[in-house]
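I opened my notebook to keep track of what I looked up here. Come along and read the entries beside the structure.

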Amino acid sequence: MAQDEVVVISPTGWVAEQAKTYEESNGALGAEIQGAPCLLLDYRGRRTGQWRRTVLIYGRDGDGYLLVASKGGADEHPLWFLNLEANPDVRLRVGAERFAARAETLSPEEKARVWPGLVELFPQYDEYQKKTDRDIPVVRLTRVAD
């Protein structure tokens, strides 16, 4: 992403506030949601091509960062997930570090392996999965060279 490209922050009030705090503090503030670690995800809109930003809880799997596309147990996928399916090249801020990454949805077998750790990190994920017939995807973000 070029330095001069505009990034549209989530229209959800608390997400926008947290993203602003996280970015302005260089990751020193706003780096948790209900005790779980979070990161800033910048991704391209699948229709507009516009860069967008949201705040998401993440888990780790080796060198990868794991995101749960739960949308609080809603019956439809979150928009950020649909955009990652269309445009898997993203930018992350994890704490003070900012880097490029590539998104990949985990296979059912991989999800089964990492799901218990994600539920341990954020127990609501289990409740979210019970609320919907949708299989909640898990996405791995893998760092790529800038």
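**Entry: two helices.** I looked up how helix H3 (residues 108-121) and helix H4 (residues 124-131) pack, and found an angle of about 125 degrees with their axes 8 Å apart. H3 and H4 are therefore oblique to each other; angles under 35 degrees count as roughly parallel, over 145 as roughly antiparallel, 65 to 115 as roughly perpendicular and the rest as oblique. Axes here are lines fitted to C-alpha atoms, for helices over the stretch in contact, and angles run from 0 to 180 degrees between N-to-C directions. Helices (H or I, at least four residues) and strands (E, at least two) are DSSP runs, numbered from the N terminus.

I then noted who makes the contact (heavy atoms within 4.5 Å): Lys111, Trp115, Leu118 and Val119 come from H3, and Tyr125, Asp126 and Gln129 from H4. These residues divide into four nonpolar, one polar and two charged. Ala, Val, Leu, Ile, Met, Phe, Trp, Tyr, Cys and Pro count as nonpolar, Asp, Glu, Lys and Arg as charged, and the others, Gly among them, as polar.

**Entry: ground rules.** I reminded myself that this is a predicted model, where local features need pLDDT of at least 70, side-chain atom pairs count only at pLDDT 80 or more, and totals for chains, interfaces and linings use all residues. Residues are numbered from 1 along each chain as its sequence is written, and side-chain values use heavy atoms, with hydrogens and water left out.

**Entry: helix H1.** Which residues of H1 are buried? I found Val15, Gln18, Ala19 and Tyr22; buried means under 20% relative accessible area, exposed over 50%, partly exposed in between (1.4 Å probe, protein chains only). They cover an arc of only 100 degrees around the axis, so they sit on the same side of H1; the arc is that of the directions from the helix axis to the C-beta atoms. The face turned away from that buried side carries exposed Glu17 and Glu24. Among what covers the buried residues of H1 are strand S1 (7-9) and strand S3 (36-44). Just after H1, asparagine 26 takes a positive phi of about 60 degrees.

**Entry: alanine 19.** I picked out this residue of H1, which counts as buried because its relative accessibility is 0%. Leaving aside neighbours within four places in sequence, alanine 19 is in contact with Ile9, Leu40, Arg53 and Val55.

**Entry: serine 70.** I found serine 70 in the loop between strand S6 (64-68) and helix H2 (79-86). At 8% relative accessibility, serine 70 counts as buried.
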